[in-house]
Amino acid sequence: MLDLLVIGAGLAGLQAAITAAQAGARVRLIAKGLSATHWAAGTVDVLGYAPAAEGAAPALVQRPLDAIAGVPAPHPYSLLGREGVASALDSFVALTHELGVPYEGSANGGNLLLPSPVGAPRPAFLAPRAQRGGDLSRPEPMLIVGFQGMRDFYPELIAANLNKQGFAARAAFLPLSLLNSQHDRNSVQLAHGLDDAATAARLGAELKRLLKPGERIGLPAILGLANHLGVLDDLRTQTGAVIFEIPTLPPSVPGIRLHAALRKHVEALGVRVEIGMEGIGFHAEGDAGNIQWVETSTSARPLKHRAAKYLLATGGILGGGFNSNHLGRVWEVIFDLPLTVPQQRHQWFQPQFLDPQGHPVFRGGVAVNGDWQPLKGDGTPVYRNLWAAGGLLAGGDYIQERSLEGVAIASGRAAATRLLQAA
């Protein structure tokens, strides 16, 4: 029988599976879909904005690890502490370098400020090497290059907004036919095309023609998939300039690169990864007993997955781990775990869509103890052999505060470590 069944293929689930498999556990990972990495920017946000006081805007965090001490319970960082988060991130960085998708941070341990798809400064603690060159603290002016007819990337908008905020930038366009003969290609298809050396060479020659002395070049995040670092290095060599990527709207090429590398690694550790497995039920023995199996839907009868221990990392409302109805009920979709989400619709949202406090429906989640086990209202574990990690945890609006990836990586590692220690 399996030692551990991980449910969820995002950063939390993959980190937990890697941690357990490296310790020698027999692990399987199942998931309904491919996780939020496919629509996020591909960076690792640890803490971009501190929780706002009532009526105030969230404050930009300069040094996220130092700010962790001030994050209140029940935020997962209050369980992890500064050293727990820092250790997990150090391990993650080392792994990405090993896997050929290197992530880097600032030299002083602070947040980077990177240009967003609309030209706003975006705090991120770690970034793929290809995005690192876009750090707005660098002095070089930016040439933002787009492709005529490409969807979801607007160089003129990006450059105009950067200029309004004091960052020198200008926009330029190249024909989409430079990359592909077809007129309607998404970012992933264009990235596949740039794995071809001849296509990358044509792009490099055109970029060199557009470049002015002293500029760095910002491009949509399409610089290859299988040969990403090779494409990046070739363009830098051809132009003699710093080349950086700016994330586009989904699908996220940087996120796909990271997910593919982590999945390949976890499978090399002996973990079977099964996507398209939607959890629909489970069976446990007795009150607060052991879970015996989890079942997933199939075209015929449900499939049962049995393990000694289970780790839930399916995300919250936006990740599909929670569902809701018009009556105001919000529930966790597999185990129906107790949630801290308000159970009345009028309490879900603030009156203003962009309220600086965020919305209560996104702050609620699964409460856990120091061992990362989901809790009942009386503070006892719901099930003896169930643990939880990632975006489904109670305590923060992780997207608003820009901490989703940090919470996922650190809690996934911590939960896997604790469950391995449990009898």
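Visitor: Which helices each supply at least two residues of the lining of the second largest pocket?
Guide: α8 (228-239) and α9 do, each with at least two lining residues. This is a predicted model, where local features need pLDDT of at least 70, side-chain atom pairs count only at pLDDT 80 or more, and totals for chains, interfaces and linings use all residues. Residues are numbered from 1 along each chain as its sequence is written, and side-chain values use heavy atoms, with hydrogens and water left out.

Visitor: What counts as a helix, a pocket or a lining residue?
Guide: Helices (H or I, at least four residues) and strands (E, at least two) are DSSP runs, numbered from the N terminus. On a 1 Å grid over the protein atoms alone, a pocket is an open set of points with protein on both sides within 12 Å along at least five of seven lines; a cavity is a set where a 1.4 Å probe fits but cannot get out; lining residues have an atom within 4 Å of a point.

Visitor: Which element gives the most to that pocket's lining?
Guide: α9, with 6 residues. The lining of the second largest pocket has 16 residues, and V101, L225, A226, R257 and A261 lie nearest its centre. The pocket's volume is about 300 Å³, where a volume is the space filled by probe spheres set on grid points joined across faces, edges and corners.

Visitor: How does the lining split by class?
Guide: There are 8 nonpolar, 6 polar and 2 charged residues. Ala, Val, Leu, Ile, Met, Phe, Trp, Tyr, Cys and Pro count as nonpolar, Asp, Glu, Lys and Arg as charged, and the others, Gly among them, as polar.

Visitor: And how many cavities of 30 Å³ or more are there?
Guide: The count is 2. The largest cavity has a volume of about 80 Å³, and its lining includes V101, Y103, R129, H228 and R257. Its largest share, 3 residues, comes from α9.

Visitor: What about the second largest cavity, which residues line it?
Guide: P74, H75, P76, L79, V366, V368, W372, L393 and A394. Its space is about 30 Å³, and the lining has 8 nonpolar, 1 polar and no charged residues.

Visitor: New topic. How many aromatic pairs are there?
Guide: A search of the whole structure finds 5. Rings of Phe, Tyr and Trp (its six-membered ring) pair if their centres lie within 6.5 Å; planes under 30 degrees apart are stacked, over 60 edge-to-face and the rest tilted. F92 and Y103 make an edge-to-face pair, 5.5 Å centre to centre with 70 degrees between the planes. F92 is in helix α3 (residues 76-99) and Y103 in strand β5 (residues 103-104), 11 residues apart.

Visitor: How buried is F92?
Guide: F92 has 2% relative accessibility and counts as buried. Y103 is also buried, with a relative accessible area of 2%.

Notes: Buried < 20%, exposed > 50% of the residue type's maximum accessible area, 1.4 Å probe, protein only.
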